[in-house]
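Have it open beside you as we go.

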Amino acid sequence: MAKEPVRVLVTGAAGQIGYALVPMIARGIMLGTDQPVILHMLDIPPAAEALNGVKMELVDAAFPLLKGVVATTDVVEACTGVSVAVMVGGFPRKEGMERKDVMSKNVSIYKSQAAALEKHAAANCKVLVVANPANTNALILKEFAPSIPEKNITCLTRLDHNRALGQISERLNVQVSDVKNVIIWGNHSSTQYPDVTHATVKTPAGDKPVRELVADDAWLNTEFITTVQQRGAAIIKARKFSSALSAASSACDHIRDWVLGTPEGTWVSMGVYSDGSYNVPAGLIYSFPVTSKNGEWSIVQGLSIDEFSRKKLDLTAQELSEEKELAYSCLT
């Protein structure tokens, strides 16, 4: 028997990430190749014509799983009945703008979108915030959508996680699918900590630690970390645009693993509401290693944290605490 369609919201859908993301969702990459979807696409009024163009292309692509498209500039219409919300739209930092100016703009955007999700989304709606500052935008959304469970509001650090996997696979000349259990700790910013301490690579002789195979702690503790931290800036320099294809793909990975579950013995990185695990202050949206089963994520517990890692975890937590304070000052 065919499944009922799931309504999936993408905000900022006429932008670069949105344009890359909606066909992936329509093709079943996010929720599975047997799951029909109805796409809800939201953008701002100046992008209405471009948004309609995206809708025309979705119709022209004749995706068998796509059972309907809502393309709108009305936030209530966009949020009505959605079970998955991917929040790509946000206000980008422009030249000459202070951090507080950007934060203030995004607080205003996320406040109104949170209110619409609160009133009109499906009861157990899962939310993924992609727009930067992603962790703090997710925190604001949580504040203004109190009936959405805190476990249902997350932010995207899977892109950084995938970047870390890619760097290790290139360094060791192995398939990326054979590398697992890297961790992105903290903020989706240049303070994030890509950690390979517990990561392994599948070899003919069994799983081997990444550190043992790389055999170069100096590289792992310096260049590897900064490459992952600054990969977004490197792509902007190369493409003259920010990451779109990889961001869209990792958003699909994030939701798919959350909804359908992580493979046995494998964890992924997600920005989630901190419960105080690993001495990270509770009340931040912070990236942890998580596993997921039956649509519920859990933070992986009991991993050893060495002194080098501890400093990195604390540094990114400090930045998130400062961002939180800045965001809340914009509310008054």
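Start at Ala131, which touches Met87, Val88, Gly89, Gly90, Tyr110 and Asn137, not counting residues up to four places away in sequence; touching, or contact, here means heavy atoms within 4.5 Å. You'll find Ala131 in the loop between β5 and α5. Those labels are DSSP runs numbered from the N terminus: helices are H or I with at least four residues, strands are E with at least two. With a relative accessibility of 8%, Ala131 counts as buried (buried is under 20% relative accessible area, exposed over 50%, partly exposed in between, with a 1.4 Å probe and protein chains only).

A quick word on what you're looking at: this is a predicted model, where local features need pLDDT of at least 70 and side-chain atom pairs count only at pLDDT 80 or more, while totals for chains, interfaces and linings use all residues. Residues are numbered from 1 along each chain as its sequence is written, and side-chain values use heavy atoms, leaving out hydrogens and water.

Now step to Val130, in the loop between β5 (126–129) and α5 (134–143). Val130 is buried too, at 10% relative accessible area. Setting aside residues up to four places away in sequence, Val130 touches Ile17, Val86, Met87, Val88 and Leu156. An unreviewed UniProt entry lists "binding site" positions that include Ile17, Val130 and Ala131; such annotations may be inferred rather than shown by experiment, feature names are shortened, and positions follow the numbering used here.

Last stop: Gly295, in the loop between β13 (285–293) and β14 (296–299). Gly295 is buried, at 8% relative accessible area. Beyond its neighbours within four places in sequence, Gly295 contacts Lys126, Trp258 and Val259.
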